[in-house]
Amino acid sequence: MSILKILGRVAIAPAALALSMAAASADTIRIALAETPSDELAAFFVALDRARANGLDYEWTAFSDEELAIQAVISGQMDIGFGTPYAAMQRSKAPLRIIFQLSKLKFFPVTTTKYSALEDLDGEPILLHSRGGGTDSIANVIEERVGITFGERSYVPGSSNRVAALLGGRADATIIDLSNKNKLMRSEAAGDFNVLEMFDVEASDEALFANLNWIQENEEDVQIFVDALLGTWQDMAEDPTIIRQETDPDGPIGQLPQEILAELDGFYKDAVEGGLYDANGGGRKAAQADLEWYSSAGQLEGDPSELNIEDFWYLAPLDAAMK
Amino acid sequence: MPRRALLLKLLSAAILFGAWEVAGRIPVSYAFPTFIDSMRALLEMFADGTMIAAYAETLKPLAVGIAISAVLGIAIGLWVGLSSVFDWLFSPIFVVMQAAPLAALIPLLVLAYGIGLTSKVLVVCIMAMPVIVLNTSGAVRNTPESLKEMGRSFLASELSIILRIIIPAASPVIFAGLRLGISAGFIGAILAELKITPTGVGDIITFSRSIADYPSMYAAIFSIILLAVLFLNLLEKVETVLFEGNQRGYVSD
């Protein structure tokens with residue numbers, strides 16, 4: 001084969017690949033997860049299984065963090081993503097829209113017994129997930145509402161790692177998620193720590209979003225998906241144990257270690273009691289709360305009352321599912 | 001001649017940045033900013049001091065790691081090249097270090113050395129040192145036998161043979177190893193800041209990404225590449241001053 005021919009083939013290959021991928025995407029929806037499947041995603045996978053039973057064909061890819069999942073959706077390599085891409089929607093003018101609120105930002109300030117109220121944390125160092133992340137935004141809003149200023153903020157990704165830092169005496173104050181707070185406060189070490197009283201947060205931690213064009217071109221698939229999600233979230237609100245019951249033993253959650261599966265019922269019972277999931281998929285209430293929250297957290301610019309919900313959410317599928 | 005080289009370099013930079021600008025304007029992705037936007041963000045970050053504070057943080061592990069890797073790497077490399085016993089003892093360690101998927105091993109480093117400066121310096125060293133050691137030892141081992149023979153016939157001591165014959169003969173490859181090692185060290189410093197705890201330039205990258213400020217994100221990436229290129233050029237000047245005979249025209253000059 002001559003060099004020209006080889007070069008010709010090399011040049012054609014990516015184009016052919018792109019074409020075949022475009023063809024494949026017409027009927028299979030590609031979901032970008034922001035983390036590897038874990039107990040927190042069990043309810044989502046139950047909803048996916050229900051959607052599949054109604055004719056939705058999907059495949060999922062787990063990204064190592066939320067920003068990569070967002071970028072994959074922005075660039076069209078993935079159809080639906082996980083996360084709260086408010087900053088990306090506003091700053092990059094990417095036509096992304098949220099269609100469903102998966103979970104709320106339920107995080108808790110936990111400290112050693114040195115502190116007993118948020119006011120005590122004025123000027124004190126605090127351990128958070130990452131700069132610009134959810135716990136960082138919670139810290140910003142605490143500062144604003146309580147009128148304090150935290151001392152040095154250091155960042156350790158993962159609630160369980162921050163609990164380890166608390167237990168190891170390397171930190172005195174942090175903000176952690178519901179399940180880690182419960183684990184810590186039910187352990188023998190609970191007496192050494194305080195969960196500080198905090199205001200309620202209705203804003204989204206994880207939401208499902210996609211490109212507006214893609215949503216409009218695939219109305220039917222999106223509707224099946226949102227119907228399944230809403231159904232699952234409502235059933236879960238009534239009986240959290242359905243998640244464990246409906247988990248496919250051969251699926252990504254069913255394959256998790258037995259110890260994790262055994263705790264699924266407890267996890268979802270706590271989560272439903274703690275208000276982690278909105279049985280109505282968020283909708284306008286969540287959208288409004290998000291705009292206010294992410295504005296005060298510094299992810300959105302401008303006065304939240306002047307921001308238009310329709311620029312961030314696409315509510316038609318959820319509205320149809322609620323009927 | 002130097003004028004022409006300079007012109008060619010400027011031309012290739014102009015083509016690259018032009019292509020970046022075009023790609024940003026199409027845009028290839030909503031997450032890909034134009035060259036001009038990125039440079040504006042870079043200037044803004046320098047003007048408000050963010051970038052300077054970030055580099056004060058990033059340069060700590062980078063400078064310490066590169067200094068350790070260069071000094072220790074060349075010393076161990078010479079030693080390994082000169083003695084088959086040390087070759088046997090040390091070479092495998094560095095071959096393993098070079099082949100190890102470092103990003104996957106970072107949790108292990110954090111477990112052993114915590115989240116502070118030590119872990120980050122280690123990441124820089126693990127990235128930089130193997131290339132330096134292996135290049136140095138290979139170069140030393142491949143010193144032409146006839147040159148060493150000549151030294152011995154002039155009754156040169158073992159030390160003078162090393163200092164006057166082996167090191168100058170090996171210097172081009174030692175410097176090639178240093179250049180490769182130091183570029184790897186820059187990668188290591190950023191890798192550590194992205195994977196261990198976000199500080200300095202790594203923090204600007206992750207933070208701007210999380211608030212979708214893509215121009216700042218690419219500006220930070222661009223600045224670290226620029227710094228690496230400048231540093232490698234400086235290293236080359238050092239080489240020409242130390243070993244004049246090595247000038248053979250490098251791509252990076």
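Let's start with one strand. This is a predicted model, so keep that in mind throughout. Look at strand β3 of chain A, residues 80-83. A:Ile80 and A:Phe82 point one way from the strand. A:Gly81 and A:Gly83 point the other way. All four are buried.

What does β3(A) pair with? On one hand there is strand β1 of chain A, residues 29-33, joined to β3(A) by two bridges. Those two strands run parallel. A:Ile31 has A:Ile80 as its bridge partner in β3(A). Then there is strand β10 of chain A, residues 204-211. β10(A) and β3(A) pair in the antiparallel sense, over four bridges. Here the bridge partner of A:Phe82 is A:Leu208.

Keep A:Leu208 in mind. Which residues does A:Ile99 contact, leaving aside its neighbours within four places in sequence? A:Leu208 is one of them, along with A:Phe209 and A:Ala210.

**The core**

A:Ile99 comes up again in the largest nonpolar core, which has 150 residues. Which members touch the most other members? They are A:Ile99, B:Val124 and B:Ala128. The largest share of this core comes from helix α6 of chain B, residues 117-141, with 15 residues. Chain A's two domains are in there as well: domain 1 and domain 2 each give at least three residues. As general background, nonpolar side chains in soluble globular proteins tend to be buried together.

**Chain A as a whole**

Now step back. Chain A has 14 helices and 10 strands. Its radius of gyration is 21 Å, close to the 20 Å that the globule rule gives for 323 residues, so chain A is as compact as a globular protein of that length. The C-alpha trace spans about 75 × 45 × 40 Å along its principal axes. Of the 323 residues, 43% count as buried. Take the contacts in chain A between residues at least 6 apart in sequence: 80% of them join residues at least 24 apart.

Chain A divides into two domains. Domain 1 is 25-104 + 203-322, and domain 2 is 107-195. Their C-alpha centres lie 26 Å apart. The contact between them takes 12 residues from domain 1 and eight residues from domain 2. On the domain 1 side, the elements giving two or more residues are α12 (264-273) and α13 (283-296) of chain A. That side divides into six nonpolar, four polar and two charged residues.

**Chain B and the interface**

Over to chain B. How many helices and strands does chain B have? The count is 10 helices and zero strands. The C-alpha trace of chain B spans about 70 × 55 × 30 Å along its principal axes. Buried residues make up 38% of its 253 residues. Among contacts in chain B with a separation of 6 or more, residues 24 or more positions apart account for 72%.

Last, where the chains meet. The contact takes 17 residues from chain A and 15 residues from chain B. Which elements of chain A give two or more residues to the side that touches chain B? They are α3 (66-74) and α4 (86-91). By class, that side of chain A has six nonpolar, seven polar and four charged residues.

That's the tour. Over to you.

Terms used:
Residues are numbered from 1 along each chain as its sequence is written. Chains are lettered from A and ligands numbered from 1 in the order in which they are written. Domain bounds come from an automatic or database domain assignment. Two residues are in contact if their C-beta atoms, placed from the backbone, lie within 7 Å. Ala, Val, Leu, Ile, Met, Phe, Trp, Tyr, Cys and Pro count as nonpolar, Asp, Glu, Lys and Arg as charged, and the others, Gly among them, as polar. The radius of gyration is taken over C-alpha atoms; the globule rule is 2.2 Å times the number of residues to the power 0.38. A residue is buried if 20 or more other C-beta atoms lie within 10 Å of its own, exposed if 12 or fewer, and partly exposed in between; C-beta atoms are placed from the backbone. Two strands pair if DSSP finds at least two bridges between them. A nonpolar core is a set of buried Ala, Val, Leu, Ile, Met, Phe, Trp, Tyr and Cys residues joined through C-beta atoms within 7 Å.
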